[in-house]
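Hello,

Here is the structure I promised to pass on. My notes follow below it, with the cut-offs spelled out as each term comes up.

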Amino acid sequence: MTAGADAPVLVGRDQELRVLLEALDRPPGVVMVEGEAGIGKTRLVREALARLPRDGRLVLSGACPPLREPFPYGPFFDVLHDLPVPSGLSPVCGALRPYLPEIAERLPPPCEPLDDHAAAAHRLFRAVAAFLTAVRPAVLVIEDLHWADDGTRDLIRFVTEHPPPGMTTVLTYRREDLPPGQQPLGLAHRRPAGSGLSLVTLGPLGTEDVRVLASALTGSPVPSDVAAELHARTAGIPFVLEESVRHAGLRCGPHAPVPALLGEAMGERTASLGAAALAAVHAAAVLTEPAEEALIGAVAGLSADAAADALGEALRAGVLFDLGRDRYGFRHGLAQQAVHDALLGPERRRLHGRAVAALEARPAPPLVRLAFHARLGGTPEGWRRYAENAARHAQDVGDTAVAVHLLEQLLDDPELPATDLARLALRLSRAAVIGLSHRRTARLLRRVVDESALPETVRGDIRLNLGLLLNNQAGDHLQGRLDTVRAVAELSGSPARAARGLAGLAMPLWGDDPYPLCVARIEEAERLAAAHGDEALRLAVRGNHLALRMSLGEPGVRAEAEASIAGAGSGRAVRMELARMCGNLADVAAWLGRDVEAEGFLAEGARTAAACRAPYLRSIIEATALRLDWSRGRWEGLDGRAGRLREVARGAWGVESEALLVQGLLAAARADWDAAEEHLGAAALADPGNTATPVYATAAGAAVRIRSARGRPAEAAELADEAVDRVARKGVWGWAADLVPAAVGARLRTGRAREARELTERFADAVRDRELPLAHAALPLCRALLARAEDPPGAADAFREAARAYAELSRPYDAARTTAAAYACSPEPDPGEGARAADELEHLGAVHDAARCRRALREHGSPRRTPAGRSPAAGVLSAREAEVARLAATGLTNREIAELLFLSPRTVEQHVARVLSKLDLPSRRHIPLPVRTDGAPGPRE
């Protein structure tokens with residue numbers, strides 16, 4: 001139970017309560033309630049639920065415990081086993097029988113067992129959703145999501161992305177207690193059609209709100225100066241304020257920090273307790289989470305009768321609370337921590353030792369909690385044993401985050417015996433390569449491989465995983481490849497592991513190794529893997545080989561990949577490699593313009609990666625999905641999704657860089673050039689050596705166009721030359737489909753027509769007879785640019801050829817831009833062609849390109865006119881006003897807009913003034929995108 005749940009009034013939360021109630025009134029949907037400990041999340045949710053109309057909706061409440069045992073889905077089973085079992089349940093609900101023994105006989109017959117972990121998990125998810133559907137309408141509340149295990153997060157995502165009709169899910173969490181860079185649900189929430197999503201963020205109370213709450217707590221008005229003092233001493237956190245006022249009145253020492261005030265309040269509350277009741281309170285504090293009477297009594301050293309009496313006294317005194325289902329604990333974690341911290345060291349260790357003994361006697365001992373209590377109880381051997389067993393179990397059930405966290409703790413122990421070092425380091429290195437966290441792991445593994453005396457093959461195995469971690473998650477490609485090369489040499493006595501290292505080095509994305517060297521490495525890896533009986537190893541090597549061949553545009557790769565997928569086994573290691581292979585093939589296919597193939601591999605990879613609980617692979621797949629949506633013109637909400645992915649994968653550079661790239665491309669298309677250059681620089685251009693080559697090439701192509709548009713042709717040409725040289729060194733020209741046309745244009749603008757022509761022909765030779773559809777669309781664009789420099793009328797057909805190729809690839813932005821170029825240089829321009837291109841660019845939000853196309857229409861004598869009969873009423877913009885509004889909304893100055901539209905700055909100023917007046921906006925910063933001529937501006941992301 002969280003802070004503020006018993007406050008007499010809800011203070012300072014009117015807006016937040018309104019948002020929550022509106023969401024509850026419009027099911028289905030999800031409400032995320034975010035705030036620090038003690039801020040009043042539970043109080044807000046309870047107030048909203050109390051105000052719901054009596055319409056038959058059930059309120060289903062569960063919570064995630066603070067010590068994450070790798071036993072997923074607990075909050076859901078806590079909810080389900082207290083519900084009446086409805087009639088007519090789907091047969092799939094029989095899968096719930098092993099988890100809900102109390103009601104098993106009332107559930108449908110048991111389902112057939114499944115060997116495939118992914119299929120079993122999916123069936124269980126469907127069963128939970130079917131049960132919830134049968135009890136609708138309902139409000140599902142899951143509290144303390146920051147403590148959720150990966151399985152529970154997966155199930156919450158499934159339920160919220162396939163919401164039962166009439167159900168709203170309310171999730172509370174503390175962002176500061178999430179793993180670094182992680183979203184509350186692990187990945188960004190995908191909102192289904194017709195479902196709402198609301199975020200409620202609770203901050204500290206202001207001084208006036210503190211005064212109101214303190215007055216309600218004391219029953220008399222509190223002066224403003226006292227309220228100011230209370231605010232300063234409690235930081236406006238409702239729970240700390242309540243505890244302080246209730247147990248220390250309005251007295252606040254001038255320098256007392258908030259934790260001390262809370263400690264004093266809890267000290268006063270426990271001072272009147274008898275010895276047995278105080279022992280029960282201390283035991284509850286040591287156990288950290290709500291516990292049953294028998295466990296509290298065992299830790300307190302009390303008999304059954306004495307424990308019952310002691311708990312009764314603690315409950316009557318308001319120190320402990322009955323939290324339901326024979327669970328007793330503190331009203332808030334801060335109260336528990338205050339009591340725990342007040343214990344003297346010897347007493348604290350003794351109680352933690354008793355907790356170990358009591359929990360160890362259970363039929364299914366909770367390993368994470370045992371490790372926690374053994375460590376604080378001063379038994380390092382027991383802590384290491386429990387922690388390693390807990391990490392092993394977490395890996396077995398796919399909870400990678402818990403496994404990595406425990407293994408990091410063990411490896412960071414200065415007293416760790418040397419005999420345990422190699423085993424634990426190897427286990428950590430293997431777990432970390434499929435997770436997102438890497439900083440602490442990389443530091444620990446570096447210390448092990450550099451400073452410890454290890455057998456060479458063990459050192460090589462750890463170093464290989466370290467190299468993969470640095471190369472993939474950390475984005476330190478140079479060091480990662482150095483470690484991988486060295487690991488392959490150290491693994492000469494372990495051909496299977498050497499094959500994995502060679503397969504990793506064969507991926508051509510990073511570094512300057514030319515593709516012939518990559519081919520030699522993957523062929524050697526295939527030879528070593530073929531002599532080994534490990535199916536997962538063979539699939540890993542084959543997946544990298546297929547990705548390399550696809551990058552080079554070799555025919556037949558898709559069929560071979562689909563055959564490998566269809567023939568893959570069902571073991572977890574095999575499914576993990578299958579997810580990796582699908583993710584890599586989707587990534588490569590998307591770079592080459594093979595979007596249909598990319599989406600097919602994405603779907604299979606996403607399903608398999610989710611089942612394997614591999615967060616890094618899932619993030620890679622999401623990054624590829626972002627790029628596909630950019631390419632296909634699905635831009636609505638894309639910037640926000642990219643930003644959320646960056647938060648989820650913070651520190652995992654391979655994912656972050658692609659999300660930044662998408663944000664940079666969006667900003668460039670919308671003429672927000674400062675933001676575009678910032679994002680593109682962060683994605684790739686600031687550190688090319690540690691960026692995947694296709695990310696760098698695409699970012700460089702966009703930056704070349706921006707610098708040219710901003711009147712910096714020399715800078716554009718210099719960057720283009722550097723990027724083309726890197727692609728040429730790699731020899732993988734399919735990645736340069738966005739770069740080469742930009743480089744050809746840059747060379748033409750700086751008087752280097754011969755070099756532009758040579759680059760075009762070199763590109764043509766490199767992509768000839770290869771399955772590189774985006775490159776084949778870019779080639780006529782390069783030739784059109786050359787023709788426009790020499791014979792503009794003759795360039796129109798080449799531009800149209802490129803536009804048709806882009807349209808066939810479902811690349812609307814490229815198709816519209818190229819169509820606009822064809823119209824602009826056509827000797828007999830078709831106004832319909834130009835207008836269609838301008839409309840498509842405006843629909844996408846590419847305001848700069850749309851404005852250039854409209855300017856060409858005017859130059860050809862085809863101005864866009866306001867439809868007949870429409871008067872310039874308030875809220876209705878003329879076509880020119882809408883055009884100016886779109887450009888102003890991107891941050892362009894009046895002078896920049898004037899230059900683009902061939903108007904005077906004064907005229908632009910007048911248009912902007914009319915736009916603000918008609919739309920009733922305070923400034924140009926408030927102009928939303930997209931802007932329509934009917935006066936109904938579309939939503940901004």
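**An aromatic cluster**

Y73, F77, Y99, F125 and F158 form one aromatic cluster. Before the details, please keep in mind that this is a predicted model, where local features need pLDDT of at least 70 and side-chain atom pairs count only at pLDDT 80 or more, while totals for chains, interfaces and linings use all residues. Residues are numbered from 1 along each chain as its sequence is written, and side-chain values use heavy atoms, with hydrogens and water left out.

The structure holds 8 aromatic pairs. Rings of Phe, Tyr and Trp (its six-membered ring) pair if their centres lie within 6.5 Å; planes under 30 degrees apart count as stacked, over 60 as edge-to-face and the rest as tilted. Y73 and F77 have ring centres 6.2 Å apart and planes at 90 degrees, so this pair is edge-to-face. Y73 and F125 are edge-to-face as well, because their planes also stand at 90 degrees, with the centres 5.6 Å apart. This second pair links distant parts of the chain, 52 residues apart: Y73 is in the loop between β2 (58–63) and α3 (74–80), and F125 is in helix α4 (residues 117–134). Helices (H or I, at least four residues) and strands (E, at least two) are DSSP runs, numbered from the N terminus.

**Charges over rings**

R627 lies over the face of W591, at 3.7 Å from the ring centre, and R817 lies over the face of Y813, at 4.7 Å. The test is NZ of Lys or CZ of Arg within 6 Å of the ring centre and within 35 degrees of the ring normal.

**Nonpolar cores**

A nonpolar core is a set of buried Ala, Val, Leu, Ile, Met, Phe, Trp, Tyr and Cys residues joined through side-chain atoms within 4.5 Å. The largest has 142 residues, and W630, W733, F763 and F799 have the most contacts inside it. Helix α26 (residues 572–592) gives the largest share of this core, 13 residues. A second, separate core of 67 residues includes L311, V368, A391 and L411.

Contact means heavy atoms within 4.5 Å. Leaving aside neighbours within four places in sequence, F799 touches several residues, among them L781, L785, R788 and C825.

**The sheet**

An open sheet is formed by 5 strands in the order β2-β3-β4-β1-β5, with parallel pairing; two strands pair if DSSP finds at least two bridges between them. β2 and β5 (196–201) stand at the edges with a single partner strand each, so one side of each has no neighbour in the sheet. From one strand to the next, the twist averages 15 degrees. Angles run from 0 to 180 degrees between N-to-C directions, and axes are lines fitted to C-alpha atoms, for helices over the stretch in contact.

β1 (residues 29–34) and β4 (residues 167–173) pair in the parallel sense over 6 bridges, and E34 stands opposite Y173 in β4. Helix α1 (residues 14–24) packs on the sheet, touching β1, β3 (138–143), β4 and β5, and its direction makes about 160 degrees with that of β5.

**The whole chain**

The chain has 43 helices and 7 strands. Of its 941 residues, 58% count as buried.

Best wishes

How values were computed:
Buried < 20%, exposed > 50% of the residue type's maximum accessible area, 1.4 Å probe, protein only.
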